[in-house]
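This briefing is meant for a reader who is meeting the structure for the first time. Please keep the sequence and the three-dimensional view at hand while going through the points.

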Amino acid sequence: MKKLINAPESVLADALKGVEAADRSVRVDHHNRVIYRAEPKADGKVAVISGGGSGHEPMHGGFVGYGMLDAACAGEVFTSPTPDQMQAATKEVDRGAGVLHIVKNYTGDVMNFEMAAEFAAAEAGVEVATVVTNDDVAVQDSLYTAGRRGVGVTVLLEKIVGAAAEEGRDLAAVTDLAHRVNDGGRSMGMALTSCTVPAAGKPTFDLPEDQMEIGIGIHGEPGRHRVPLAPAKDIAAQLVEPILADSDMAGPAIVMLNGMGGSPLLELYLMFGEVAPLLEKAGVDVARTLVGNYITSLDMAGCSLTVLRADDDMITLWDAPVQTAGLRWGR
Amino acid sequence: MVDSDDSSLFTLDTAKDWLDRFDAAVHEHKAHLTELDSAIGDADHGSNMARGVTAVNQAVAGAAPDTLDEMFKLVGMTLVSSVGGASGPLYGTFFLRFGVDAGATESLDGAGLAAALQAGLGGVAARGKAEQGDKTMIDAMAPALESFAAAIEAGDSLRDAARAAAEAAAKGRDATEPWEARKGRASYLGERSAGHIDPGAASTTLLFEALAAAQS
């Protein structure tokens, strides 16, 4: 393992020091491992927080700022944060209008946020609503499993819902919007290589040079199937088809071609060039786009595609000003 | 049926010894637990559990609790707030419920220990919304508790009951290997999760082996 670290145990603490040093628009609570906006939101506005394991940067800490998140709780690498972190963040960001928790559908994240909400209720005071994202079509959604994973749509949801909260919509409206965004979003990912978790010290899985893994999650968990490495245009089809097979995406959409952390932008743009015409051929009007590393998996090479069926309200909120380390426009 | 006082009761000292031995076992098997988790999860079970049990022993040493409920509530909360992932809430809830059921006492007899363990299992099942056969830690814990309770009911010593529990846990752990997971991250793999032992069942077996060692 070759990594820019001091020691595997101190990766998160050391990275948070860097976040603080790099970005004056946020402040870091090192004890609770929470990244806050340096300038809190105005009173009476709904606060939006998220969190999860580290290793997916810029998600979530890079999306803290005006127009997006009020705080992000950072867990250990690929491990969900703990309830006390979320409880501290929830109390800190509440401006009297309630707090929305954005949770990706992973068992650990769901359980820890659930406990945080239980503790917060026992303490009384803050009104908490929760949305659990589950957009990954690589996973079968059934009553007998933990359901689909929450992946790329989380980024788009944090932007759209963050704008709605900034605009002053109430907790019920913001929560309803969050559910609509999640319902309209679908994602599919693939990997060319495994990632290497610093504490594990070696790649999570072996992937031969001539193979790729389709339907990968964001933690190096194996995907749907392993197939021979193919040209980009074939990979694009293998991402687009399961999404369109799962949900009717005709009409305006926000589309993200996301890098998993180890693929250069040149390749991501190349992939987008293959994906866009496939979507348009299927009646998807690619109204807004993101191409780049937004929800990563450490040093994994590969990409994921997220398509969000978007109404006018979502597109207006998408275009609203945002000022974070990971997304910034209009302000 | 001639037992010394030491082995007929689960005392505060036994509890501390249990946690010490669990700590040592988790550190010894840290790489193996992570290896199991790499196959079907996200390669962090060993490091997460190691971080948790280290924090537990520091907390217990610092607070010097003098009843079992005080001790295990502390253990539970420490795990919840230091482990993260799914293992934090699951192991944390196990010990929290164990402590609540044990109550403000310095020791438990066999039946009392069986009841406290059972309360812990109830917490794990409720928190994880899982049942036996889902390929989770419950598949080691449930048979362990069944064997433990049966042995106590048959009049066995606490030591023998704990040994039976550890053996049943190991059997339950091994039985998870061919199964498809239905809960947790491994469930996202469907049939590809078959052929691997569940990491949670593996760490749970360490917990019961530690109990058997502490009780002997």
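**Salt bridges, interface and backbone details**

Asp134(B) and Arg182(B) are joined by a salt bridge in which the closest N and O atoms are 2.8 Å apart. The two partners come from distant parts of the chain, with Asp134(B) in the loop between α7 and α8 (138–153) of chain B and Arg182(B) in the loop between α9 (158–175) and α10 (199–215) of chain B, 48 residues apart. This is a predicted model, and the points below are grouped by topic.

**The pair in chain B**

- Asp134(B) counts as buried because its relative accessible area is 5%, and the cut-off for buried is under 20%.
- Arg182(B), its partner in the salt bridge, has a relative accessibility of 34% and therefore counts as partly exposed.
- Side chains of opposite charge can pair when their charged atoms come close.
- By the rule applied here, the count of salt bridges over all chains comes to 28.

**Salt bridges around Glu166(A)**

- Arg37(A) and Glu166(A) meet through their side chains in a salt bridge, at 3.0 Å from N to O.
- This pair also links distant parts of its chain, since Arg37(A) is in strand β2 (residues 34–37) of chain A and Glu166(A) is in helix α4 (residues 153–167) of chain A, 129 residues apart.
- Both Arg37(A) and Glu166(A) are buried, and for Glu166(A) the relative accessible area is 10%.
- Glu166(A) also forms a salt bridge with Lys45(A), where the closest N and O atoms are 3.9 Å apart.
- Because Lys45(A) lies in the loop between β2 and β3 (47–54) of chain A while Glu166(A) lies in helix α4 of chain A, this pair ties together parts that are 121 residues apart in sequence.
- Lys45(A), with a relative accessible area of 22%, is partly exposed.
- A network of salt bridges links Arg37(A), Lys41(A), Lys45(A), Asp70(A) and Glu166(A).

**Where chain B touches chain A**

- On the side of chain B, 33 residues are in contact with 40 residues of chain A.
- The area buried between chain B and chain A is about 2,700 Å², and carbon and sulfur atoms give 55% of that area.
- Five salt bridges are found by the rule across the interface of chain B and chain A, and one of them joins Glu114(A) to Arg127(B), with the closest N and O atoms 3.5 Å apart.
- The rule also finds nine residue pairs in polar contact across the interface of chain B and chain A, with both residues of each pair at pLDDT 80 or more.
- The elements that give two or more residues to the side of chain B that touches chain A are α3 (30–40), α4 (45–63), α5 (68–83), α6 (87–102) and α7 (110–128) of chain B.
- Of these elements, α5(B) gives the most to that side, with five residues.

**Thr34(B) and its surroundings**

- Thr34(B) has its place in helix α3 of chain B, and with a relative accessible area of 10% Thr34(B) is buried.
- Leaving aside its neighbours within four places in sequence, Thr34(B) is in contact with Ala200(A) from the other chain and with Ala43(B), Asp44(B), His45(B), Gly46(B) and Ser47(B).

**Backbone details in loops**

- The peptide bond from Glu57(A) to Pro58(A) is cis, with omega near 10°, and Pro58(A) lies in the loop between β3 and β4 (71–77) of chain A.
- A cis peptide bond also runs from Met59(A) to His60(A), with omega near -10°, and His60(A) is placed in the loop between β3 and β4 of chain A.
- Ala64(B), although not a glycine, has a positive phi of about 40°, and its place is in the loop between α4 and α5 of chain B.
- Lys129(B), which is not a glycine either, has a positive phi of about 50° and lies in the loop between α7 and α8 of chain B.
- At 52% relative accessibility, Lys129(B) counts as exposed.

**Annotated domain**

- The UniProt record, an unreviewed entry, places the feature "domain: DhaL" at residues 13–213 of chain B.
- Residues 13–213 of chain B are 73% helix and 1% strand, and the end C-alpha atoms of this span lie 13 Å apart.

Definitions and conventions. Residues are numbered from 1 along each chain as its sequence is written. Chains are lettered from A and ligands numbered from 1 in the order in which they are written. This is a predicted model: local features need pLDDT of at least 70, side-chain atom pairs count only at pLDDT 80 or more; totals for chains, interfaces and linings use all residues. Side-chain values use heavy atoms; hydrogens and water are left out. Contact means heavy atoms within 4.5 Å. Buried area is the accessible area (1.4 Å probe) that two parts lose on being put together, summed over both. A salt bridge is a side-chain nitrogen of Lys or Arg within 4 Å of a carboxyl oxygen of Asp or Glu. A polar contact is a pair of N or O atoms within 3.5 Å; within protein, one must be able to donate a hydrogen and the other to accept it, and residues adjacent in sequence count only if both atoms are side-chain atoms. Helices (H or I, at least four residues) and strands (E, at least two) are DSSP runs, numbered from the N terminus. UniProt positions are given in the numbering used here, feature names are shortened, and annotations may be inferred rather than shown by experiment. Buried means under 20% relative accessible area, exposed over 50%, partly exposed in between (1.4 Å probe, protein chains only).
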